[in-house]
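Here is a short briefing for a first look. Keep the sequence and the model side by side as you read.

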Protein chains: 2
Amino acid sequence: MSLLITINGWDAAPWAAMFQRLAPGLPVHMALDARNRDAIRYAAVWKPKPGLLAQLPNLAVIFNLGAGVDAILADETIPADIPIVRGVEADLTARMVEWVALHVLFHHRQMPQYMAQQSKALWRPIFQPAASEVSVGIMGLGALGSACAESLKRLGFRVCGWSRTHKALEGVASYAGENGLDAFLGQTDILVCLLPLTAETTSILNRSLFRKLHRDGPLGGPIVINAGRGRQQIERDLIDSLNDGTLKGASLDVFEEEPLPPDSPLWHHPRVFITPHVAADSTPAAICEHIVQQIARLEAGQPIGPLVDRQRGY
Amino acid sequence: MSLLITINGWDAAPWAAMFQRLAPGLPVHMALDARNRDAIRYAAVWKPKPGLLAQLPNLAVIFNLGAGVDAILADETIPADIPIVRGVEADLTARMVEWVALHVLFHHRQMPQYMAQQSKALWRPIFQPAASEVSVGIMGLGALGSACAESLKRLGFRVCGWSRTHKALEGVASYAGENGLDAFLGQTDILVCLLPLTAETTSILNRSLFRKLHRDGPLGGPIVINAGRGRQQIERDLIDSLNDGTLKGASLDVFEEEPLPPDSPLWHHPRVFITPHVAADSTPAAICEHIVQQIARLEAGQPIGPLVDRQRGY
């Protein structure tokens with residue numbers, strides 16, 4: 001009855017320390033070996049090595065340490081009946097809401113232009129539409145997207161959403177599927193992508209999509225904000241669309257290749273704002289607390305969550 | 001029964017056009033002369049020339065076109081019994097909330113550092129505290145300050161407030177007057193100034209105050225955000241405090257002298273972010289609608305507002 005922590009791309013030590021603090025009775029392993037493989041019942045993972053989890057005969061649950069589960073689902077050796085719990089909890093959601101609100105407001109309130117003016121010591125007010133004249137379109141209305149929609153609505157923006165199936169959120173116009181995409185894009189001034197990475201959403205942020213965004217909006221051109229997954233965007237298309245005026249600006253937290261290579265032209269584009277995949281960085285404290293709670297629920301025979309739907313892909 | 005529009009520092013034409021659209025039956029004068037002075041009952045003003053309003057024998061109400069009334073109160077020739085209506089209404093408040101939320105999030109989410117890293121093509125996540133670990137202290141809890149407190153609370157920040165008298169806002173620790181100032185400052189990581197300009201608040205943002213802000217906060221140094229009035233800040237002290245580490249960063253919408261002179265060192269300070277007094281720019285549409293409503297109420301014998309308290313100074 002022990003926990004395996006397997007993490008790629010992050011430092012694993014603070015996670016181990018946090019589990020030991022929150023659940024001192026739970027044995028924790030940092031690597032799989034012949035002596036512990038039978039005892040491991042829980043795995044807390046981030047981008048686990050393909051094939052690793054399939055070696056655990058008594059694995060009962062996989063806990064993902066972040067929001068996106070694409071790395072786990074890509075590993076076809078993992079038995080289909082093992083439940084996967086996503087790392088979405090209150091702290092992670094709150095951080096994503098902060099990041100999205102910040103970048104929507106940053107472009108809405110013309111900070112790129114004001115910073116350019118500041119560098120020239122130029123005092124020049126710029127026409128500012130009210131938030132109620134600006135439409136933010138959110139792709140993906142799951143736990144993160146719904147929370148962002150709520151926050152942006154409260155700030156006064158018009159908010160619409162696009163997702164796989166229709167979602168009923170008060171005050172948010174809902175569009176769904178292939179058929180709803182063009183109508184959604186046609187009214188969107190600021191596009192926020194929070195989609196999970198699936199076959200359908202790979203490369204979805206491309207030139208053809210950018211050209212369908214609202215062209216005559218009050219901000220002088222559409223904005224793209226991506227905090228979903230890097231493989232959802234075609235970076236060459238993004239740069240071309242910024243350069244020919246199809247897009248006015250972009251804020252990106254995710255990239256086709258991460259870390260973003262030093263020679264990517266995105267780094268030095270004056271209308272692109274980059275954060276290094278930190279929009280909703282999981283902190284050990286909040287995520288581990290959620291996992292420890294779910295383990296206690298499981299051992300008490302109670303349902304756990306939030307569970308990944310493998311068919312859906314998230 | 002006519003309206004005089006007198007505006008200094010802004011273009012008056014859109015205001016006249018808006019009044020004519022919203023109240024076509026209301027005669028509007030753009031200048032005072034011997035023929036119209038007796039007919040003028042209402043004045044819509046921004047920084048009116050001292051002595052001008054005192055020449056109107058039948059003036060019943062002064063409508064201020066922005067939030068700050070310091071320019072009107074400085075004109076001692078205006079009869080003390082003429083009510084002054086402030087330009088605070090929903091649109092202006094919403095814009096201030098946007099600007100304050102943007103700049104609080106901008107510093108909280110380390111955008112100055114991420115932009116500096118971006119300029120060097122540097123991919124490096126920075127430790128990010130949760131909003132619940134960061135305390136935003138708002139100076140001034142009037143209509144604008146209360147709305148900002150509410151918005152920041154919803155984003156998850158700890159919020160405290162300081163004002164002339166105690167204010168009861170749910171979830172906002174309230175401090176008041178001289179006696180409450182040090183305790184308020186000692187817990188504030190991000191200071192937001194939304195105070196009206198009075199004798200007491202002139203030069204209040206000075207070195208001695210900056211040194212009392214929370215020193216060991218999770219952001220690595222206190223932030224100052226001023227959307228109140230420029231004469232509340234000592235700009236020399238701000239720069240010295242940024243340079244010696246007393247402050248980590250600042251966002252400023254107002255300045256001792258406006259427009260900010262081209263040779264001000266604030267323009268090129270790497271941790272100062274400047275907007276040209278546009279945080280809550282009044283738009284003719286929203287402000288004029290409020291004024292036209294108040295005129296209708298007055299003519300129907302109903303109370304009008306929000307009224308300035310001249311003793312208080314705002």
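What should the 19 residues of helix α3 (residues 90-108) of chain B span at 1.5 Å a residue? They should span 27 Å, and the end C-alpha atoms are 26 Å apart, which agrees. The expected span is 1.5 Å times one less than the number of residues.

This is a predicted model: local features need pLDDT of at least 70, side-chain atom pairs count only at pLDDT 80 or more, and totals for chains, interfaces and linings use all residues. Residues are numbered from 1 along each chain as its sequence is written, chains are lettered from A and ligands numbered from 1 in the order written, and side-chain values use heavy atoms, leaving out hydrogens and water.

**Helix α3(B)**
- Helices are DSSP runs (H or I, at least four residues), numbered from the N terminus.
- Of its 19 residues, 17 are buried, so α3(B) is largely enclosed by the rest of the structure.
- Buried means under 20% relative accessible area (1.4 Å probe, protein chains only).
- B:Gln110 follows α3(B), and its phi is positive, near 65°.

**Nonpolar cores**
- A nonpolar core joins buried Ala, Val, Leu, Ile, Met, Phe, Trp, Tyr and Cys residues through side-chain atoms within 4.5 Å.
- The largest has 118 residues, and A:Ile138, A:Phe157, B:Ile138 and B:Phe157 have the most contacts inside it.
- Apart from it lies another core of 30 residues, including A:Tyr175 and A:Leu209.

Note on methods:
Helix = DSSP H or I, 4+ residues; strand = E, 2+ residues; numbered from the N terminus. Buried < 20%, exposed > 50% of the residue type's maximum accessible area, 1.4 Å probe, protein only.
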